Amino acid sequence: MLERGRYTSYNAPAQIRTYELVAQEGVGEKAVQAAHKTPPRPRYLRTTLIQMMLLLLVAPSVYLVAGLANAVSLVCGAMCAIVPQAYFAVRITAAARQSAQQAARLGLGAEGGKFVLSAVAFALTFAVLQPASPGWVFAGFGVFWVIQIVDGIRLLRSK
């Protein structure tokens, strides 16, 4: 049994835009089936979504228990971890579509950008907002950074 699929690539030169995938029985059949499936959702964005949902649950609790100033400090620290993580997730998802060498280079750049964003976020937090309790800023950052580490380890162990 021979299965054919016709696909068009819009960013290729005009003479090689259209190509066919051909699979014979047992040879390359899984590749053709994989080409028909939609790509999986980015796994790195899941960490950012988990962090945002947790922040939406924790911030009101801290406000009720410790007051507004401490809750604002906690949110600032959490955002110092969440915003760089979101940047990293978007960049690494785009890098996954490249060749292995380009993906490694872009991944390293994304990690460097994440570090720089964290440093800039802390500098802005302490220079502009001047939080009332710096301990809550570091607690918020630490908790959400640990979430990144744990979810990253989970991603490495999953297939």
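**An exposed phenylalanine and a buried core**

Phe115 sits out in the open, with a relative accessible area of 63%, where exposed means over 50%, buried under 20% and partly exposed in between (1.4 Å probe, protein chains only). The model is a predicted one, in which local features need pLDDT of at least 70 and side-chain atom pairs count only at pLDDT 80 or more, while totals for chains, interfaces and linings use all residues. Residues are numbered from 1 along each chain as its sequence is written, and side-chain values use heavy atoms, with hydrogens and water left out.

Phe115 belongs to helix α4 (residues 100-129).

Turning to the inside, 30% of the 159 residues count as buried. The largest nonpolar core has 12 residues, among them Ile82, Phe122 and Phe144. Helices α2 (44-66), α3 (68-95), α4 and α5 (134-157) each give two or more residues to this core. Such a core is a set of buried Ala, Val, Leu, Ile, Met, Phe, Trp, Tyr and Cys residues joined through side-chain atoms within 4.5 Å.

Ile82 itself, with neighbours within four places in sequence set aside, touches Thr48, Gln51, Met52, Leu55, Phe144 and Gln148; contact here means heavy atoms within 4.5 Å. Over the whole protein, 57% of the contacts with a separation of 6 or more link residues 24 or more positions apart.

Notes
Helices (H or I, at least four residues) and strands (E, at least two) are DSSP runs, numbered from the N terminus.
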